[in-house]
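Please consider the following points with the sequence and the model at hand.

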Amino acid sequence: MKDIRLDDTIAAISTGGMGAIGIVRMSGENCIALADKIFKSKKNISLLNRKSHTISYGHIIDNRTNSIIDEVLVTVMKAPNTYTKEDIVEINCHGGIIVMQKVLEIILNNGARLAEPGEFTKRSFLNGRIDLSQAEAVIDLIQSKTDISRQSAVNQLEGRLHKKVSDMRSRLLDMIASIEAVIDYPEHDIEEDTYQTMEQKTIEMIKEMEELLETADRGKVIREGIQTVIIGKPNVGKSSLLNWFLEEERAIVTDIPGTTRDTVEEYINIEGIPIKIVDTAGIHETGDIVEKIGVEKSKSYAEKADLILLILDASRHLEKQDKEILNFVKDKKTIILLNKIDLEQKITKEILMQYAQNVEIISISVKQNIGLEQLIQHLKKLFFEGKAICAEDGLLGNVRHKNALYQAKEAMKRALTTITTHMPEDFISMDLQDANTALGEITGDTVDEEIIDRIFTKFCLGK
């Protein structure tokens, strides 16, 4: 793990952009004394004498020039009942960028260090207030796109996943302790009923892990959204569909082919499902260098998409370029949209069936608002098979958590084999230890230090 001192004072701006109020935060053993140097209370009360979790009104002073910087409210929070389990001071100043930067500058000039991204939360983790899964939930909460994804992050932050994992690890450690006792005292063999008990416990735990893993894909969708890419030839209605989803004129729409030359990305919310929808440049042969870059970018997005919405112009005959695009998406999760059905149709579903089998084909008219509700219903069905989604589904939405739990399950399956075949005790212990180590990666108890550093670099400054 990157060297990090826990005995110094860190500081950062904790609010982004410009607003009515801005917060500059400090954490560390000397932060209250530091704040007292640069804060002048209206009642001349020292911050050192203030009770924990109280607010003082006054001014931040540049103690080198004795000039007033801003009128502020200062909150003092004393360890251990704080976010980092250290003393914390939060200065609520006016939200102008220059004001916040000036307050931060004075703090740094008086001995604090600029916090690294996520260092406040990292200290919370290192000081034992939260585990690694809860720390990651902070990111999820900040980045949540829907109310369900927000509630899912809150559940994880409250320790729902931590509780499940800790419970499994506790049971594993009990099993390991029993086996280690036999290894330490070889004159006592494992009795048959002990093997049966371990076998039953292992089967129960494997089932529990599998049930949790079944929610992972739904959780990933809740957490990250469905990456949905709209593709097709130029001028088939891609940008019009994006604008319909967003209920605003986000993309420029004209009758001129090639109007969209780059991708346009937006999030939409369909009954709790966050969908990252990407409008792409029309796929076609072109000698224009800029258009060519846009076409290649469209194909690249389509390769990585969870879902492709392929739009065809039903008022034009199926052309060579259409067939090439149909071939390009044949092995991908795709919905074909036959647009412009309010005009005379030249393409029918029957014609398309020759080129696209086992693919949902929906006839629509974006202009006349025909068939679009059917598209919405199919999107929900496609990813959730008609099941209602809830925040509990997002408990295992993190790919790192999923991989660690999968490794734990595989180790338990190996343990089941060693138990049922009555292999030597140390073989059983090794498999159970592997499972325990994998589960510990979720909470951060056994995770590689480099991974911990990488996780916290994803945080913004001040969090």
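1. Helix H3 lies across strand E1 (10–13), strand E2 (21–27) and strand E7, running at about 140° to E1. Contact means heavy atoms within 4.5 Å. Axes are lines fitted to C-alpha atoms, for helices over the stretch in contact, and angles run from 0 to 180 degrees between N-to-C directions. Helices (H or I, at least four residues) and strands (E, at least two) are DSSP runs, numbered from the N terminus.

2. This is a predicted model, in which local features need pLDDT of at least 70 and side-chain atom pairs count only at pLDDT 80 or more, while totals for chains, interfaces and linings use all residues. Residues are numbered from 1 along each chain as its sequence is written, and side-chain values use heavy atoms, without hydrogens and water.

3. E1, E2 and E7 belong to an open sheet of seven strands with mixed pairing, in the order E3-E4-E5-E6-E2-E1-E7. Its edge strands, E3 (39–41) and E7 (113–114), each pair on one side only; two strands pair if DSSP finds at least two bridges between them. Within the sheet, E5 (residues 67–77) and E6 (residues 88–94) are antiparallel over five bridges, and Val76 stands opposite Val89 in E6.

4. H3 (119–126) is also among the elements covering the buried residues of helix H16, as are H4 (132–143) and H14 (399–420). In H16 (residues 449–456), the residues Ile452, Asp453, Ile455 and Phe456 are buried (under 20% relative accessible area, 1.4 Å probe, protein chains only). They lie on the same side of H16, because they cover an arc of only 160° around the axis, taken from the directions from the helix axis to the C-beta atoms.

Notes: Buried means under 20% relative accessible area, exposed over 50%, partly exposed in between (1.4 Å probe, protein chains only).
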